Structures are given as structure tokens and as C-alpha cells.
Amino acid sequence: MLLISIILFILGLGLGSFVNALVWRLHEQGIGKRQQATGKRNLNHGDLSILKGRSMCPNCRHQLSALDLVPVISWILLKGHCRHCGKTISKQYPAVELAMGFIFALSYIFWPAAPHFNGQWLLLATWLTASVGLMGLAVYDIRWMILPNKIIYPTLAVAAAGRAVYIGVFQGRPGHAVWLWALSVAIASGIFYILYTFSQGKWIGFGDVRLGLVTGTLLSDPYKSLGMIFVSSLLGTLFVLPHLITNKKTMASKTPYGPFLIAATGIFVVFGDSLITWYKNLFGL
Ligand SMILES: [Zn+2]
């Protein structure tokens, strides 16, 4: 178990590095497209492929060597500066790498059932793969207040494929399981769809509605979806409250909701069963 945890931690660090590159490249592509639309083409932007090509410094675009690309360690050794242009490299880079490392290791360590038991490994693998996309969405949302479809849809595909195979192969009552999946999505996405329609997009973005398809599928349990929404609003409120008290309303209105939904989903994917049992016991249900 220790060895697998360490391997997963290292794998997570590497995928965190991928998330940083993915988010940056996607955003650069967006700038490139806007420049193309306005006719002001600047070759620095928009010519990057998402998955191909060597890693480079976000500032000087110097190609990075393997030594510059060791997650976290390179950043520490270079004291957060690019070796070529000397410009500061955001703390986002090591933070995302570390976060992915811990998500990978802790999800495995605290997974609610033994991974070899009845297809749990498939659910765990689906969650870990989807968590890479979710991290990309969270980072993008924090930086630019957008949940890009280019990350949402592939993540949804992974989550849905994993769930469908799990239900088809490992679950005794597939009809019932599909019903729970549908209810879960209806809650995780439907509540936001209602809020979106009701407020004409002022309270919540359509990205949060789409994100609900992913979180609802990953949870595939209406109770967990309800709990996830409750915990996400709790986390969001706790984060925004200090800014409201000090009257920094702009900060509060500039806080994206996606990262809280994503964090709460992670909590409920791993700890959902224990949280629901605890809640039921609390009220003697
Ligand atoms: Zn540089």
C-alpha cells in the first residue's frame, strides 16, 4: 500500500505539471483565436497544440530541458524563476503539482472500499483520471472565471465511460444504478440550470451547469450530489465571508464557484459514504 501510494503521488505530481501546461496552452489558443478574428495576428499566440510540442517558459517561450521540468523540485531549485529570462514563475506551478500528488495518493489511501473488490479499481481509476480534468477546470476558473468546454467534455466522457462500464460489468441491479446516476446528474446540474435560468445568468454561469454533468456522473448518487452542493456553498461562503465583512464586494463577485464545486465533489467521491452515514446517525435516521 505504501509503495502504491508513493507511485501514485509521483504520478500525480507529473500530471499536475500536465495540468499547468494544459491550462496555459488552452488560454494561449484562446488569445490566438481572438487575434485571428480581429486580424491582429501575433505568432506568439495560438499556434500551440494542446498535447504536442515541448514545454516552454510561459514568458520567454524558451524550450525547457528535462532538468527544468521535474515537478516542484525544479521550481524550488530555480527559486521560482525562469533559467533563461529570469522572470518569476507563478506559485501556481508547484502548488498544482503538489495538489495533484496528494489527490492521487490520498484518494487511494482513503478510498471507501478495497480497490480489488468488485470493480472498485475501475471507479478509482475513473476518478483519478477525471480529477486531472477537474484540476484543469479549477485552475482555469480561478484565473479567468471560465470553465472551458475543451476540458469539461473530455472529463465528462471519462467519467461517463467509467461509470457505464462499472454499472454494466460490476453492478447487480444496473437499471437501479442508471436511475441513481440520472437523479444524481439531475440534482448536480439541474439545480444550477434552474438558478441560471431564473437569474438569467447573473448568479451562476452556464459552465457550472455543464460541470454538474461531470460531478453528478462521478458521484452517481443523489444524496452525495445534494451533500456536494451543500458543502460547496458552505466552502464558498466561508471563503467569501471575510471579503464581505471587510466590504471588498468586488472580490466576492470575482470569486468563481467552480473550484468549490470541484473540491466538494472530491470530498464526496472519497468520503461521501462515511459523511452520509455520520449525518444519518446524527439525526437517528
Ligand atoms: Zn523564461
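In this predicted model, about 1500 Å² of area is buried between domain 1 and domain 2, and carbon and sulfur atoms give 79% of that area. The size of an interface is often given in this way, as the accessible area lost when the parts come together. According to the domain assignment, domain 1 covers residues 1-109, while domain 2 covers residues 112-285. To their contact, domain 1 brings 18 residues and domain 2 brings 16 residues, and the C-alpha centres of the two domains are 25 Å apart.

What does the rule find across this interface in the way of salt bridges and polar contacts? Between domain 1 and domain 2 there are 0 salt bridges, whereas 4 residue pairs are in polar contact.

The model also holds a zinc ion, whose protein donors are the SG atoms of C57, C60, C82 and C85, at 2.3 to 2.4 Å from the ion. Along the chain these donors follow the spacing C-x2-C-x21-C-x2-C. The angles among the 4 donor atoms run from 105 to 118°, and the site is tetrahedral. For four tetrahedral donors, the ideal angle at a metal is 109.5 degrees.

Are C57 and C60 buried or partly exposed?

| Residue | Relative accessibility | Class |
|---|---|---|
| C57 | 3% | buried |
| C60 | 31% | partly exposed |

C57 counts as buried because its relative accessibility of 3% is under 20%.

Methods:
Residues are numbered from 1 along each chain as its sequence is written. This is a predicted model: local features need pLDDT of at least 70, side-chain atom pairs count only at pLDDT 80 or more; totals for chains, interfaces and linings use all residues. Side-chain values use heavy atoms; hydrogens and water are left out. Donors are N, O and S atoms within 2.8 Å of the metal (3.2 Å for Na, K and Ca); water is not among the atoms, so sites may look incomplete. Four donors count as tetrahedral if all angles lie between 85 and 135 degrees; four count as square planar and six as octahedral if opposite donors are over 155 degrees apart and all others between 65 and 115; anything else is irregular. Buried means under 20% relative accessible area, exposed over 50%, partly exposed in between (1.4 Å probe, protein chains only). Domain bounds come from an automatic or database domain assignment. Contact means heavy atoms within 4.5 Å. Buried area is the accessible area (1.4 Å probe) that two parts lose on being put together, summed over both. A salt bridge is a side-chain nitrogen of Lys or Arg within 4 Å of a carboxyl oxygen of Asp or Glu. A polar contact is a pair of N or O atoms within 3.5 Å; within protein, one must be able to donate a hydrogen and the other to accept it, and residues adjacent in sequence count only if both atoms are side-chain atoms.
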